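The following paragraphs guide the reader through the architecture of a single chain. Please keep the sequence and the coordinates at hand while reading.

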Amino acid sequence: MATETGSLHKLLHKGEVWRGRQAAEQSRHRCLSSGFPQLDALLPGQGWQASQLVELLYSDEGSGELGVLLPLLAELSQQERWVLWVDPPHIPYAPALLDAGVNLDRVQVVRSNSRRDRLWCLEQSLKSGCCSAVLGWLPAGQEKAIRRLQVAAVEGDCRGFLFRHSRCQSQHSAAPCRLLLEPHPEGVTVSALKRRGGWPLPPRLIPVSPVVSQTAEPDAGPARLTLVGTST
């Protein structure tokens, strides 16, 4: 019996067991609104939950994968902890982040030298307790790593976001929340492939602002989020 109890404790600690209504009600109090009512209605707990890993899956860059996070990043960047970007495909465009209300003094970008270093950095930053959010870009075939990263997010009370290609949607993942993003003329369509503690729901259209490049004309309006630079 002791062994069974210990095993159950480990599963609960890893976040691999859903404990029903009580856990759902507790997590709701630790959620932050996405800034989009349509997306909140899709997310378990009605917002971005604390201590949770979220996979954002998309086929092409600029599908709204960063736009859906901007209100959250703006809110978290007002806190003392860091918002960490690990190996983004391009250099984040600082003026657009400022325009979205993100405090750049709390934003750090990390470049790793290898896939192994990237996973190490993600795991350490998630569980360090120093970050309010960690954003990481991962290729396919990282199922075991994602399990470790979810454990790390719980340990560090951190929100983790993994950006992956949509072809990964058929792969098993320990992330409690998996969202598929598809571009739409009026924003981005979000489908919940996995939402712990909730029933499947129809896709939702999220009115994410269109991306404007760094080379936009002066009269094109205020800058929106874009990523610039060369791939690494």
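In helix α7, the buried residues are Ala145, Ile146, Leu149, Gln150, Val151, Ala152 and Ala153; buried denotes under 20% relative accessible area, exposed over 50%, and partly exposed the range in between, with a 1.4 Å probe and protein chains only. An α-helix has 3.6 residues a turn, so residues three or four places apart point the same way. Helix α7 covers residues 143-155, and its 13 residues reach 19 Å from the first C-alpha to the last, close to the 18 Å expected at 1.5 Å a residue; the expected span is 1.5 Å times one less than the number of residues. After α7 comes Asp157, whose phi is positive, near 50°.

The model is predicted: local features need pLDDT of at least 70 and side-chain atom pairs count only at pLDDT 80 or more, whereas totals for chains, interfaces and linings use all residues. Residues are numbered from 1 along each chain as its sequence is written, and side-chain values use heavy atoms, with hydrogens and water left out.

The chain contains seven helices and 12 strands, where helices (H or I, at least four residues) and strands (E, at least two) are DSSP runs numbered from the N terminus. Of its 232 residues, 46% count as buried. Contact means heavy atoms within 4.5 Å; among contacts between residues at least 6 apart in sequence, 68% join residues at least 24 apart.

Strand β8 (159-165) is largely enclosed by the rest of the structure, because six of its seven residues are buried. Strands count as paired if DSSP finds at least two bridges between them. β3 and β8 run parallel and are joined by six bridges, and Leu56 has Phe163 in β8 as its bridge partner. β7 also pairs with β8 in the parallel sense, over five bridges, and Trp137 stands opposite Phe163 in β8.

Ser132 lies in strand β7, which spans residues 131-137. Ser132 counts as buried because its relative accessibility is 1%. Neighbours within four places in sequence aside, Ser132 is in contact with Leu76, Gln79, Arg81, Trp82, Val83, Cys158 and Arg159.

Which residues touch the most other members of the largest nonpolar core? They are Leu135 and Leu179, in a core of 35 residues. Such a core is a set of buried Ala, Val, Leu, Ile, Met, Phe, Trp, Tyr and Cys residues joined through side-chain atoms within 4.5 Å. Elements that each supply at least two residues of this core include β3 (53-58), α4 (70-76), β7 and β8. Helix α4 gives the most, with five residues. Leu179 touches Leu43, Trp48, Val54, Glu55, Leu56, Leu57, Val190, Ser191 and Ala192, not counting residues up to four places away in sequence.

The cysteines remain to be considered. A disulfide is a covalent bond between the sulfur atoms of two cysteines. With a disulfide taken as a pair of cysteine sulfur atoms within 2.5 Å, the count comes to zero. Cys130 is in no disulfide, and its nearest cysteine sulfur, that of Cys131, is 6.3 Å away. Cys130 counts as partly exposed, at 44% relative accessibility. Cys131 is likewise in no disulfide; its nearest cysteine sulfur is that of Cys158, at 5.6 Å. Cys131 is buried, with a relative accessible area of 6%.
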